[in-house]
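Here is a short briefing on one structure. It covers strand pairing, cores and a pocket, in that order.

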Amino acid sequence: MTIFEYDVVVIGAGPVGENVADRVVRGGLTAAIVERELVGGECSYWACMPTKALLRSASALRAVRQLPGAREAVTGDLDAAAVLGRRDSFASHWQDDGQVAWLASAGIALHRGQGRISSARVVDVTGVDGVTTTLTARHAVVVATGSSALVPDIPGLRESSPWSSREAASASSVPGRLAIIGGGVVAAEMATAFTALGSAVTVLARDGLLPSAEPFAGELVTESLREAGVSVRLGAEAVAVDRDGSGAVQVETASGERIEADEVLVAVGRTPNTQDIGLDRVGLAPGAWLAVDDTLRVVGGGEWLYAAGDVNRRVLLTHQGKYQARAVGDVIVARAKGEEVEDGRWGRHVATADERAVPQVVFTDPEIASVGLTAAAAEAAGLRIRVVDYDLGAVAGASLHADGYRGHARMVVDEDRKVIVGCTLAGPDVAELIHAATIAIVGEVPLDRLWHAVPAYPTVSEVWLRLLETYGR
């Protein structure tokens, strides 16, 4: 058995694990990272990058068709093969050579195989050849193993070889008919993508479409999907699935309806990748989400064990996981060097933004960009709020951006502090607008001061002035 010693050992080489290791090395410590699959993780090969590549071409085509003069220059429909080819390039053709090279350039050691915690500060790595290597950590072990698609216990579903988000993101061809079980972000985005690529899509959204967003967001996306030809069944629940001898999939709903498709995509949530990483060896439950304190140290796991990214269930978003990673890497370095730990609200070594300042974009048509609390979440948190709405299509910049621009904007104001605590924008290309709201919420900028942040004219960002005018001075 070979034994290596490092200051920090990170289990999981996705974006979160990579960033933890990078911060540790930048802080002057040594780090090793363990990966059983591809270096770069879910985001690089089966989520963020390939899925947005699937969506982008159709989005660009829609934008052109909304502009007289430009639409006349475009003939024909999407080239599905070309879209899939571009997607392949963004997934690096599912090869991680570039990411491995980056680890080496950053001074991070890579150990391939299944990592399992065997005792305090010790991780055993079993390679595909069955050989085990032992890594010991002088200061910390960080779990950054991410999450996988949840497959619910619907009779016949697992036996029907369903797609998860992975199969949808890496599909080599476009199914003629696609049934989607679920109504969240993955369901909405993949319905948008595969409809544009030529599939006949049916969405079974038991709890509605985008149920965690402001209600108008789900309503606008539902309307748009239906206009595009998607059959959106709100409130429909799948109760049985069967793939017959011809390869077709039959999905039965609670109402007795049977929907036939060539593929069925399950998009109902995520489950933590903690089943086989040795949690039982340190008194924790395998397969469970890992509760963490403000500095992302695992509760009940000892002072040496941390968890960042999806596995701690704070926020299941890549950019927020990377944000946590920076805090984790920095706090490990601080503690190793005996430096002061800044763990107060908005301190360097905590992930305060996870609480109430999380930005997210749903790349549907229209795009849904949000940050902070919805009106319902703010009320549930006990805040005294005022909700301010504005027709985004009425902004001069929006009318220039596209003929027939449809959208909506909402800001949620904490009336006691007179600051914005939530913002949701729905409309074409609103993704790049949301960071202004993120800064306002994180900075807790008073509304009186925001009046002095003058938006350029004529841009869609003028919606900020319109929201403030609607609120009143």
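Gln 114 has Thr 126 of S5 as its bridge partner. The model is predicted.

**Strand pairing**

- Strand S4 covers residues 114-119 and pairs with S5 in the antiparallel sense. Five bridges join S4 and S5.
- S4 and S5 make a hairpin, with two residues between the strands. In the turn, Arg 121 has a positive phi of about 65°.
- S5 also pairs with S6, again in the antiparallel sense and over five bridges. Here Val 123 stands opposite Leu 135 of S6.
- The hairpin of S5 and S6 has five residues between its strands. Gly 130 takes a positive phi near 85° in this hairpin.

**Nonpolar cores**

- The largest nonpolar core holds 48 residues. Ile 117, Val 141 and Ile 332 have the most contacts inside it.
- Seven elements need checking here: strand S1 (2-11), helix H1 (15-26), strand S2 (31-35), strand S5 (122-126), strand S6 (132-143), strand S16 (305-307) and helix H9 (318-336) each give two or more residues to this core.
- A second, separate core has 33 residues. Among them are Ile 420, Ala 437, Leu 450 and Leu 467.

**Contacts of Ile 117**

- Residues up to four places away in sequence are left out of this contact list.

**Second largest pocket**

- The second largest pocket holds about 530 Å³ of space.
- Its lining has 21 residues. Ala 58, Arg 62, Ser 224, Ala 228 and Asp 365 are the closest to the pocket centre.
- Helix H3 (48-65), helix H7 (185-197) and helix H8 (215-227) are the elements that give two or more residues to this lining.
- H8 supplies the largest share of the lining, five residues.
- By class, the lining of this pocket divides into nine nonpolar, five polar and seven charged residues.

Conventions. Residues numbered from 1 in each chain as written. Predicted model: local features only at pLDDT ≥ 70, side-chain atom pairs only at ≥ 80, totals over all residues. Heavy atoms only, no water. Core = buried A, V, L, I, M, F, W, Y, C linked by side-chain atoms within 4.5 Å. Buried < 20%, exposed > 50% of the residue type's maximum accessible area, 1.4 Å probe, protein only. Helix = DSSP H or I, 4+ residues; strand = E, 2+ residues; numbered from the N terminus. Contact = heavy atoms within 4.5 Å. 1 Å grid on protein atoms, 1.4 Å probe; cavity = no way out; pocket = protein on both sides within 12 Å on 5 of 7 lines; lining within 4 Å. Points joined across faces, edges and corners; volume = space filled by probe spheres on them. Nonpolar A, V, L, I, M, F, W, Y, C, P; charged D, E, K, R; others polar. Pairing = 2+ DSSP bridges.
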